[in-house]
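This report reviews side-chain interactions and the chain interface. The subject is shown below.

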Protein chains: 2
Amino acid sequence: MKRILIDMDEVIAEVYPKFLDIYEKEFGRRPEQAEFWGKKIYDMPGAERIREYLHHRGFFADLPVIQGSQEVIRELMEDYEVFINSAAMEFRYSLQEKYDWLEMHFPFIPFRNVIFCGDKRALRGDYMIDDHARNLRTFQGTPLLFTASHNAFETDFIRMNNWEEVRNFFRERQGD
Amino acid sequence: MKRILIDMDEVIAEVYPKFLDIYEKEFGRRPEQAEFWGKKIYDMPGAERIREYLHHRGFFADLPVIQGSQEVIRELMEDYEVFINSAAMEFRYSLQEKYDWLEMHFPFIPFRNVIFCGDKRALRGDYMIDDHARNLRTFQGTPLLFTASHNAFETDFIRMNNWEEVRNFFRERQGD
């Protein structure tokens, strides 16, 4: 059975609504999408301190699930070995929070198929769905870029704009 | 740079002193090494409930460091990319505890080089040092079995009885 590695933040867990709330709290207004298109919200001029929130307890605990991810992953598991993986090591509290989040929203994924890592270079699989080009670049299988604001201008990879596109991509392959 | 994947429990973290204490508390005596040679202590007849302690908060927090592991890993890092990995997903509290343990005892290992997973099949590297034959069997690089009571009768792998032997093994290779 071929193995698909699936990232968490901005692939199955929605991070942006929370970042927008934080931005609004810090700067008194909600930014336009055009302002952070092609970058992370904390890479906007003057917004660097927003990144600090990733280290706060609770940041990862209550993120919404990205639309369609649960149904499509459940389908994929019929034909593929699905591993969820996340670069969680930088953020001390994220480990427990991500673990509990998966148990709540993806209880059908066995704990054996979860990986928290610092860097994805040491992972092995046939497909990787990720929003970060740097993770896809070191992957030896087929890389699939899941669209997020920060990767809007990335052109090196097959792009998945949503989970419906992921479903269609793998339906054509039928386990291959 | 070639990559060495190094396991935690029974490779750099000493688990048995704690298991022996638990056994003594539960059964009123300390078992002889011969009684659990070739198996896990909780696989001794009647001792199954000892495995439950792995789920307790604090179990992994204060394990002693296995002799020589710090010095030898520091040396290996000059010639190799070292990743610490642990099958932590089964035990909810172990994630945070193992994270803090590494930070305390192996502060020279960057967070990027740490992986907590459920199953090691999806890891990639050139060498794997592990006490479990099942992890080594699915590994595509060179497997090295680190001696522990439960693997005493395993004969399928190159065996490392201690960290001095690991040092010598890699000294001969000099990065290769």
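## Salt bridges

Over all chains, the salt-bridge rule gives a count of 40. The model is a predicted one. Side chains of opposite charge can pair when their charged atoms come close.

One of these pairs joins A:Asp176 to A:Lys2, with 3.4 Å between the closest N and O atoms. This pair links distant parts of the chain, 174 residues apart: A:Asp176 belongs to the segment after α5 (163-173) of chain A, and A:Lys2 to the segment before β1 of chain A. A:Lys2 counts as partly exposed because its relative accessibility is 31%. A further salt bridge is formed by A:Arg30 and A:Glu24, whose closest N and O atoms are 2.7 Å apart. Both partners have intermediate accessibility: A:Arg30 is partly exposed at 39%, and A:Glu24 is partly exposed at 35%.

A:Glu81 is in strand β2 of chain A and A:Arg3 in strand β1 of chain A, so that the pair links distant parts of the chain, 78 residues apart. With a relative accessibility of 13%, A:Glu81 is buried; A:Arg3, at 10%, is buried as well.

A:Glu81 additionally forms a salt bridge with the side chain of B:Arg121, at 2.2 Å from N to O. A network of salt bridges links A:Arg3, A:Glu81, B:Asp119 and B:Arg121.

## The interface of chain A and chain B

Chain A contributes 27 residues to the contact, and chain B contributes 27 residues. About 2900 Å² of area is buried between the two chains, with carbon and sulfur atoms giving 49% of it. The rule finds four salt bridges across this interface, together with 26 residue pairs in polar contact, both residues being at pLDDT 80 or more. On the side of chain A that touches chain B, the elements giving two or more residues are β1 (3-7), β2 (81-87), α3 (94-105) and β3 (114-117) of chain A.

## Aromatic pairs and charges over rings

The structure holds 30 aromatic pairs over all chains. Among them, B:Tyr16 and B:Phe19 are arranged edge-to-face, at 5.5 Å centre to centre and with 70° between the planes. These two residues are separated by about one helical turn, because they are three residues apart in helix α1 (residues 16-27) of chain B. Both B:Tyr16 and B:Phe19 are buried. Another edge-to-face pair consists of B:Tyr80 and B:Tyr127, at 6.1 Å centre to centre and 90° between the planes. B:Tyr80 lies in the loop between α2 (69-79) and β2 (81-87) of chain B, and B:Tyr127 in strand β4 (residues 127-130) of chain B; the pair therefore ties together parts that are 47 residues apart in sequence. B:Tyr80 is buried at 2% relative accessibility, and B:Tyr127 is buried with a relative accessible area of 7%.

In chain A, one aromatic cluster is formed by A:Tyr16, A:Phe19, A:Phe36, A:Tyr42, A:Phe59, A:Phe60 and A:Phe91. The ring of A:Phe59 has the charged end of A:Lys18 over it, 5.1 Å from the ring centre. A:Arg74 lies over the face of A:Phe108, 4.2 Å from the centre of that ring.

## Surroundings of B:His150

B:His150 is placed in the loop between β5 (142-146) and β6 (158-160) of chain B. B:His150 counts as buried, with a relative accessibility of 15%. Its side chain makes a polar contact of 2.7 Å with the side chain of B:Asp131. Leaving aside residues up to four places away in sequence, B:His150 touches B:Glu10, B:Gly38, B:Lys39, B:Lys40, B:Asp131 and B:His132.

Technical notes:
Residues are numbered from 1 along each chain as its sequence is written. Chains are lettered from A and ligands numbered from 1 in the order in which they are written. Side-chain values use heavy atoms; hydrogens and water are left out. Rings of Phe, Tyr and Trp (its six-membered ring) pair if their centres lie within 6.5 Å; planes under 30 degrees apart count as stacked, over 60 as edge-to-face and the rest as tilted. Helices (H or I, at least four residues) and strands (E, at least two) are DSSP runs, numbered from the N terminus. Buried means under 20% relative accessible area, exposed over 50%, partly exposed in between (1.4 Å probe, protein chains only). A charge sits over a ring if NZ of Lys or CZ of Arg is within 6 Å of the ring centre and within 35 degrees of the ring normal. Contact means heavy atoms within 4.5 Å. Buried area is the accessible area (1.4 Å probe) that two parts lose on being put together, summed over both. A polar contact is a pair of N or O atoms within 3.5 Å; within protein, one must be able to donate a hydrogen and the other to accept it, and residues adjacent in sequence count only if both atoms are side-chain atoms.
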